[in-house]
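Let's read a model together, one feature at a time. Have the viewer open and follow along.

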Amino acid sequence: MRISGKEGLATDASAHDAGDEGYSKSLKPRHISMMAIGGAIGTGLFLGAGGRLNSAGPALAIIYAICGVFAFFVVRALGELVLHRPSSGAFVSYAREFLGEKGAFVAGWMYFLNWATTGIADITAIAIYAHYWAMFSSIPQWILALIMLAVVLTLNLVSVKVFGEMEFWFAIIKVGAVVLFMAIAIFLLVTGTPVDGHTPGPQLIADGGGIMPHGLLPLVLVMQGVVFAYAAVELVGVTAGETAEPAKVMPKAINSIMWRIGVFYVGSVVLLSMLLPSDKYRAGESPFVTVLSSIGVPAAGDVMNLVVLTAALSSLNSGLYATGRILRSMAKTGSAPGFTGVMNKSQVPYGGILLTGAVCVLGVGLNYLVPASAFEIILNFSAVAIVATWGLIVICHLVFVKRSKAGLVERPGYRLPWTPVTQYVTLAFLASVLVLMWLDEGAGRVTLLCLPIIATALVMGWFASRRKRKQLAEVGMDSE
């Protein structure tokens, strides 16, 4: 069955993506399941929650819950698209099917921008965390960053199975750390053991000025940071093309994201709020370390530093994996350089991975030139990119549902509930995040002011690759 969409392109009912060919199906259900958890747990919880608790108060748990719901809506919409047609190109492939090649071009390069800038921030963070230990303190930050990038890059190129195993064990470490802390926190609450001179319990929330000790505005302003703490939940959709039974594995993995966000993020913040007053936490120190150090747990800082180092390594590993697959899907239509579509003997799209790694090397340069401010310089550029990615996923789903009502495609049984209200509310929420970034007169506003530069680069890239796209399109038509 062939349909002619609004873009004027004839599309197959299965909308076959040439970028999906050649992958091995080596990712196992346990890999996908742990990646779904790991994508929702990172430095945003282990490190960022301390500063946010200090500025927003215990009501931070409510913000984590609200943002978690919208993150779940996004990944649930992506899950429905995955069951419609599993693809390693994920939302880029779906953007091509439902929005045309321009939509795929924007989706792919914005996602690349997200992970490339996140990767720079990750290797910077890894070097900073390594400097925590005396044995690494004498090594320049840029050298540590380069070594870690080389190690993760090399392992990512070996095979998708190696990637899956790395992410599996990274996730085990992150989840284990949260579960252990929550068990200790519950013990402290039940036994009434003092923490830094304070008796744990709900009364600490009231004594500290209530759930919003500094009012509503600080609480609202931390929302943008919380959204970015959930970035990477969409990675589970990219893995669909390299697992043997996506229809069986994906719904289970995606559904687990919601309750895990509730337990790990919301639960941790509620417990932290009942162990110490919120003003005892501070930016730059893990709130878990703050609590554990207060009760005299030996080497609490060393253990948590290892955990946040693991979280940063996991993020870098995931970014290299995701951009390799996304760029290969784009290369097959001419929207990305041809070398990013090349695979090695282990069926890994090494061209795209190396391109992302090359951009991360720029981060090594930043570590050499401005080691103190490298992290802040680049991190904010991923903000707009992740909002754009999530927004395009929701828009693709809107078009998909519209086409299903017209009888052009069939929706799977696993669906995003309450459509189209869910999509419109999610898009409004994402738009509000951009507004909040503008209200942040520092890095957030500067990032938004860079949007014209990003848009100009996209337009220039689109026209620069026009001839290649046309050639590949003609070859595709001749082969049919």
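Q: What is the mean pLDDT of the chain?

A: pLDDT is the predictor's confidence in each residue, from 0 to 100. Here the chain's mean is 87, and 92% of its residues reach 70 or more.

Q: Where does pLDDT stay under 50?

A: Over residues 1-14, for which the model has 22 contacts (heavy atoms within 4.5 Å) beyond four places in sequence. Where pLDDT is low, the predicted coordinates should not be read in detail.

Q: How do I check the length of a helix, say helix 4?

A: Helices are DSSP runs (H or I, at least four residues), numbered from the N terminus. The expected span is 1.5 Å times one less than the number of residues. Helix 4 covers residues 60-84, so its 25 residues should span 36 Å; the end C-alpha atoms are 36 Å apart, which agrees.

Q: And is helix 4 mostly covered or uncovered?

A: Buried means under 20% relative accessible area, exposed over 50%, and partly exposed in between (1.4 Å probe, protein chains only). Helix 4 is mostly covered, with 20 of its 25 residues buried.

Q: Which backbone angles deserve a second look?

A: Most residues other than glycine have a negative phi, and most peptide bonds are trans. Ala90, which is not a glycine, has a positive phi of about 45°. Ala90 lies in helix 5 (residues 90-99) and counts as buried because its relative accessibility is 0%. Asp196 also has a positive phi, near 55°. Asp196 sits in the loop between helix 9 (160-191) and helix 10 (203-207), and at 44% relative accessibility it counts as partly exposed.

Q: Where is there a cis peptide bond?

A: Between Thr419 and Pro420, with omega about 0°. Pro420 is in the loop between helix 19 (381-405) and helix 20 (421-439).

Q: How do I see which parts of the chain Val387 brings together?

A: Look at contacts away from its sequence neighbours. Val387 is in helix 19 and is buried, with a relative accessible area of 8%. Not counting residues up to four places away in sequence, Val387 touches Phe228, Leu430, Val433 and Leu434. Val387 and Ala431 are 44 residues apart in sequence and 8.3 Å apart in space, C-alpha to C-alpha.

Q: What does Leu439 contact, leaving aside its neighbours within four places in sequence?

A: Leu221 and Arg445. Leu439 lies in helix 20 and is partly exposed, with a relative accessible area of 46%. Leu439 and Leu221 are 218 residues apart along the chain, and their C-alpha atoms are separated by 8.0 Å.

Q: Is Ala311 buried or exposed?

A: Ala311, in helix 16, counts as buried at 5% relative accessibility. Leaving aside neighbours within four places in sequence, Ala311 is in contact with Gly42, Thr43, Phe46 and Lys174.

Q: What about a loop residue such as Gly341?

A: Gly341 is in the loop between helix 16 (300-331) and helix 17 (350-369). Gly341 is buried, with a relative accessible area of 10%. Beyond four places in sequence, Gly341 contacts Arg328, Ala331 and Lys332.

Q: How many cavities are there of 30 Å³ or more?

A: A cavity is a set of points, on a 1 Å grid over the protein atoms alone, where a 1.4 Å probe fits but cannot get out. Points are joined across faces, edges and corners, and the volume is the space filled by probe spheres set on them. By this rule there are two cavities of 30 Å³ or more.

Q: What volume does the second largest cavity have, and what lines it?

A: Its volume is about 40 Å³. Lining residues have an atom within 4 Å of a point; among them are Pro58, Leu204, Ser273 and Ser278. The lining of the second largest cavity divides into six nonpolar, four polar and no charged residues.

Methods. Residues are numbered from 1 along each chain as its sequence is written. This is a predicted model: local features need pLDDT of at least 70, side-chain atom pairs count only at pLDDT 80 or more; totals for chains, interfaces and linings use all residues. Side-chain values use heavy atoms; hydrogens and water are left out. Helices (H or I, at least four residues) and strands (E, at least two) are DSSP runs, numbered from the N terminus. On a 1 Å grid over the protein atoms alone, a cavity is a set of points where a 1.4 Å probe fits but cannot get out, and a pocket is an open set with protein on both sides within 12 Å along at least five of seven lines; lining residues have an atom within 4 Å of a point. Ala, Val, Leu, Ile, Met, Phe, Trp, Tyr, Cys and Pro count as nonpolar, Asp, Glu, Lys and Arg as charged, and the others, Gly among them, as polar.
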